[in-house]
Structure formats: structure tokens, C-alpha cells
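Dear colleague,

Please find below the structure that I am handing over to you. My notes on it follow directly after.

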Amino acid sequence: MDERIEGEVKEKTPLNFLERIIEDDLANNRVPGNTIVTRFPPEPNGYLHIGHIKSICLNFGLAQAYQGRCHLRLDDTNPEKEDVEYIESIKRDIRWLGFDWGPYEYHASDYYQQLYEIAVRLIKEGKAFVDSLSAEEMKEYRGTLTEVGKNSPYRDRSIEENLALFEEMRQGRHPEGSLVLRAKIDMSSPNINLRDPVLYRIKFASHPRTGDTWCIYPMYDFTHPISDAIEGITHSICTLEFEDHRPAYDWATSIDGIEHAPHQYEFARLNINYLVMSKRRLLNLVKLGIVDGWDDPRMPTISGIRRRGYSPESMKDFVSRIGVAKVESVVDYSLLEFCVREDLNKRAERLMVVLDPIKLVIDNYPEDTVEYFEAVNNPEDPQSAVHQIPFTRELYIEREDFMEIPPKGYHRLYPGNEIRLKYAYYVTATSLVKDDAGNVVEVHCTYDPLSRGGSTPDNRKVKGTSHWVSATQGVNIEARLYDKLFATEYPGESTGNYLDDLNPESLQVIKDAKAEPEILRAKVGDYLQFIRNGYFCVDCKDSTTDHPVFNRTVTLKDSWAKLKQKMGI
């Protein structure tokens with residue numbers, strides 16, 4: 001398969017194992033109608049996370065590459081945990097990544113009647129029975145990986161009794177947990193998933209789509225393969241934890257009356273150090289108030305990284321670099337951030353923002369003058385536009401850009417030293433003002449009028465350059481500096497509780513950062529670089545015209561090593 005970018009064919013890249021399978025199937029006429037049909041089947045019981053991006057790109061990407069189609073199927077078989085909010089978020093996330101399922105949107109609940117009829121047919125054929133064992137008893141009867149299971153004492157109920165009991169289950173005449181419908185397969189199978197698996201259980205819960213029509217719900221290992229068969233899926237692609245379920249998948253698709261038999265293929269899921277991607281654990285973070293909802297920019301959810309300012313292109317690049325394999329591995333978080341930086345460097349508008357301001361007064365500059373300097377929005381883009389930056393007598397610079405007594409090798413501003421103000425003039429520090437506690441609150445300097453634009457007639461050189469913001473023309477903004485939510489590579493590994501490894505410095509809020517006025521033109525979805533301070537974006541929830549809020553997407557360089565050293569990790 002050629003790698004195509006903007007319609008141009010690049011050098012042919014090696015095929016991954018799934019592409020090889022598909023091409024072999026097409027070449028040998030094993031694909032009905034010669035049309036590849038994949039599916040992305042999330043359970044709507046939470047928000048999608050970065051790990052799902054790999055599956056989304058794989059399923060939709062393969063369908064696109066081979067002129068097929070990819071279905072979106074919501075696996076809504078557990079009404080207690082599902083919510084319309086989750087369904088809508090799933091659709092929003094897939095579209096954000098640039099994919100669309102067109103008319104091929106399905107729900108497992110679309111097939112409830114068909115699944116029920118198949119279950120009844122299995123009972124009539126003596127291939128399923130209603131079991132009265134409790135959950136604990138069933139676990140005991142199932143056996144272990146080294147010991148075979150044993151048949152339930154209810155396995156030999158008559159077909160008539162099983163039909164009657166299953167109908168009573170459907171009518172809601174039995175309490176939850178009292179009865180289940182199980183397949184009759186083989187309790188001595190080395191694969192535990194084939195030891196008379198449960199097909200249906202009783203759940204008195206209202207379903208988001210079917211309401212109270214049903215009080216019995218089919219299990220995943222029964223629903224999923226039959227749904228694939230009904231939809232004509234040709235390649236059912238899932239992660240490696242479902243490899244042991246493949247025999248159950250094949251059993252379900254071989255049931256008499258099911259005409260299409262898709263095949264399941266497994267790939268290694270995406271694991272990233274420093275991240276927790278268990279939906280249960282993510283939900284717990286939300287419930288405990290540790291994060292500000294599923295879309296908190298520190299969360300690994302797609303909603304979270306979108307709010308943080310990650311671009312869909314960077315995420316596609318990330319999963320492309322990882323590749324598709326059958327062996328589990330852990331991807332380093334630094335690769336994720338590298339892909340984000342690489343992409344944002346090409347698209348982010350450069351702006352000057354001072355996060356920790358100290359006032360700089362140019363004593364020999366006219367008090368009432370406002371001068372403008374031209375700045376290129378993105379020097380990486382030859383077609384980039386420009387904008388104007390106001391310059392005045394009083395400015396703000398970063399506090400770290402001035403030291404009264406500098407160490408050796410310090411090239412920023414200090415008494416007697418000359419630096420360049422980006423886009424503007426050379427300035428030399430002459431004096432400073434301190435508060436009662438001895439803190440420097442104001443730096444005075446002089447400027448060289450002949451150095452406009454950053455050079456002088458005598459061609460003298462300066463080693464330091466500082467960004468700046470006009471004290472009178474600039475605007476106040478709130479900047480939220482986000483970092484990793486967890487401080488250790490594998491949260492919970494050493495203590496058993498992932499909450500013990502939360503990073504106390506995962507969020508720093510700066511209420512009064514100073515920004516050039518051009519920033520007020522930024523809108524949700526724009527990508528920005530605050531010069532020397534990192535990549536940022538407009539917060540999509542809290543930012544207003546009167547109170548602009550910006551989220552740091554990622555630092556310009558990987559500063560995690562410094563933070564770990566500071567925290568003694």
C-alpha cells in the first residue's frame with residue numbers, strides 16, 4: 001500500500017501484517033464483493049482515550065486504503081453503564097480525527113430481536129440451556145487454566161423447560177442473578193471462554209435506546225461476532241486481549257443460519273508510560289474531583305487532548321510511527337510529545353506572552369509614544385502572514401530574564417549588560433527598584449535608537465534576546481500550564497494504588513500573564529506558540545472575551561527530566 005499525502009504517492013512503505021492479510025484475501029477472492037468492511041465498535045460507557053486512536057486510525061484507515069468502508073457500531077449491551085453523553089462524545093472524537101462512517105452507523109441493540117431469536121433457536125436445538133447456578137457456583141464449576149470444568153447440574157434440563165424459563169426471564173419474572181442462558185459447548189475445553197459461556201443475563205435497567213423493552217441482555221462474546229456477521233464485516237480487527245476470545249467468536253459465527261462468517265484478527269494495543277487508560281480508573285479520577293471532568297487537559301481522553309491543543313494530524317503521525325504489531329510494548333511518552341511539537345511547529349502562530357512579569361522601564365524612550373514592529377506569524381511557513389506589535393516606554397519581560405548578580409554564562413539582562421528585545425531595540429540595564437522585602441520589582445534601562453529591528457550601524461553583537469509585552473498596550477490573560485498527571489512511568493506499580501503517584505505539579509495556573517494584543521484574535525481551535533514558553537491554545541470551556549484562558553499544550557523542549565530531578569523521582 002502506498003503512503004499518500006495530499007494526493008501524491010510517496011515511496012512505498014512496507015506492509016504491516018494486517019495489510020498483508022487483506023491484500024492476500026483480495027488477491028485470492030476471499031472477500032465478498034471484493035469490498036473490505038471493517039468496524040470500530042466502542043462501548044459507550046466512557047470517553048474514548050488515546051489508546052482508541054490507534055484502533056480508529058487502523059480500522060478507518062484500512063477501509064480507506066482499500067476503497068472499502070468502516071462501520072461505527074456502538075456496543076450498547078450494558079445499559080447500566082451507558083449514556084447518550086458518551087455516544088455523542090465518541091462520534092465527536094472520530095470526526096475530529098478526520099474520519100466519517102457515513103450511513104454506516106449501527107448499535108448492538110439494533111440486533112436484540114435477532115439475537116433473541118438465535119438464542120431461542122439454540123435452545124430448541126439443544127445447544128443452550130438456562131442455568132440456575134449462582135455466580136460463585138458457576139465460577140467454581142468453570143475450573144481453572146490447569147483444571148477442566150464440570151457440567152452444571154442444570155445442563156440437562158429439557159428443551160421445553162429451558163424455553164419456558166427463558167421466556168420467563170424475558171418477561172421479568174425472575175430476579176437479577178437468579179438465571180442465565182448458557183451455551184452448551186465443552187466444559188473440558190482448554191480455552192475457558194468455551195466452557196459453556198453465558199449468552200444472556202437478567203438486567204432490570206432502562207436502556208438508552210430501547211428503554212424498558214428488554215430486561216435480558218446478550219453478552220459481548222455472543223453479540224459482537226453475530227453483529228459482525230449481520231453487517232458483513234470482512235475483517236474484525238481488535239486488540240490482543242481478545243485473542244483468547246477468538247474461539248468463542250468463531251463458535252458464534254458458525255451457528256446454523258448465520259450466512260456470513262467474518263474472521264477476527266488481533267493487534268497490540270497502545271500502551272504509553274505515565275498514562276492510565278483504564279476507563280474505570282479514568283472515571284474514578286472524575287468522580288473524585290481530581291480532574292475537571294473527562295475533558296480535563298491532563299486526561300488521556302481524546303476530548304482532553306483536544307482541549308489541551310493536540311492536533312488530529314499529530315495523533316495520526318504518532319500512531320503511524322508506532323506501527324502495527326502483534327507483540328505488546330510500551331511507547332515512551334516523549335514520542336507522543338515529540339509528534340505534537342513537530343506538528344505544531346509547522347502550524348502555530350508565534351506570539352509574545354510574559355508568564356512571570358517584571359516591569360522594564362526605558363528611561364530615554366518618549367513617554368507617550370507607541371511604536372509598532374512587524375512580526376511573522378510563523379517563520380516555518382513561507383506564506384505566513386504578519387502582525388503588528390505595539391512598543392512603549394514601559395514593558396514587561398520574564399522575571400528570569402533579569403538577575404542583579406548573574407552567574408557565569410548568563411546572557412540575559414543584568415546591570416550594565418546589553419541585550420536585544422525581540423523585533424525591537426537593544427537595551428542596557430542601568431538600575432533597579434526593590435520592594436520592602438528586597439525583591440526586584442522594576443528594572444530601568446536605556447535603549448539605542450539606532451538598533452531598531454535588532455541590528456546596529458557598528459554591527460556590534462549581543463548574546464541575549466528577550467521577548468516582551470507593552471505594559472500599556474498589552475492584555476492580561478490566564479495561562480494554565482499543564483504537565484503529566486502522573487509522576488511515575490507506571491502509576492501504582494510500586495504501591496498498588498495509582499492515585500499515590502499523582503503529579504502535584506500537573507497544573508499551574510497563572511492568573512495575570514501579560515500578552516501582546518494580537519492574542520485577542522485567537523479563537524478555539526487555533527494553535528499558538530508563546531515564544532520561549534511553549535505551545536498553547538484557547539480553552540474551549542472557560543475562556544471568554546473578558547477573561548481569556550489559554551492552555552499549555554506542550555513545552556518547547558522536554559522539561560520532564562528537570563521536573564523529575566526536582567521531585568527526587
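**Asparagine 162 and its surroundings**

Leaving aside residues up to four places away in sequence, asparagine 162 touches Ile123, Ala128, Phe129, Val130 and Arg157. Please bear in mind that the model is predicted. Asparagine 162 lies in helix H6, which spans residues 159-170. Its relative accessibility is 1%, so asparagine 162 counts as buried, the cut-off being under 20%.

**Strand S6**

Among the contacts of asparagine 162 are Ala128, Phe129 and Val130, and these belong to strand S6, residues 128-131. In a regular strand, side chains alternate between the two faces of the sheet. In S6, Ala128 and Val130 are on one side, while Phe129 and Asp131 are on the other.

The partner of S6 is strand S7, residues 180-183, with which S6 pairs in the antiparallel sense over four bridges. Within this pairing, alanine 128 stands opposite alanine 183 of S7.

**Cysteines**

How many disulfides does a search of the whole structure find? The search returns zero. Cysteine 537 is accordingly in no disulfide: the nearest cysteine sulfur, that of cysteine 540, is 7.6 Å away, whereas a disulfide requires the two sulfur atoms to be within 2.5 Å. Cysteine 537 has a relative accessibility of 5% and therefore counts as buried. Cysteine 445 is buried as well, with a relative accessible area of 0%.

With kind regards

Methods:
Residues numbered from 1 in each chain as written. Predicted model: local features only at pLDDT ≥ 70, side-chain atom pairs only at ≥ 80, totals over all residues. Heavy atoms only, no water. Buried < 20%, exposed > 50% of the residue type's maximum accessible area, 1.4 Å probe, protein only. Helix = DSSP H or I, 4+ residues; strand = E, 2+ residues; numbered from the N terminus. Pairing = 2+ DSSP bridges. Contact = heavy atoms within 4.5 Å.
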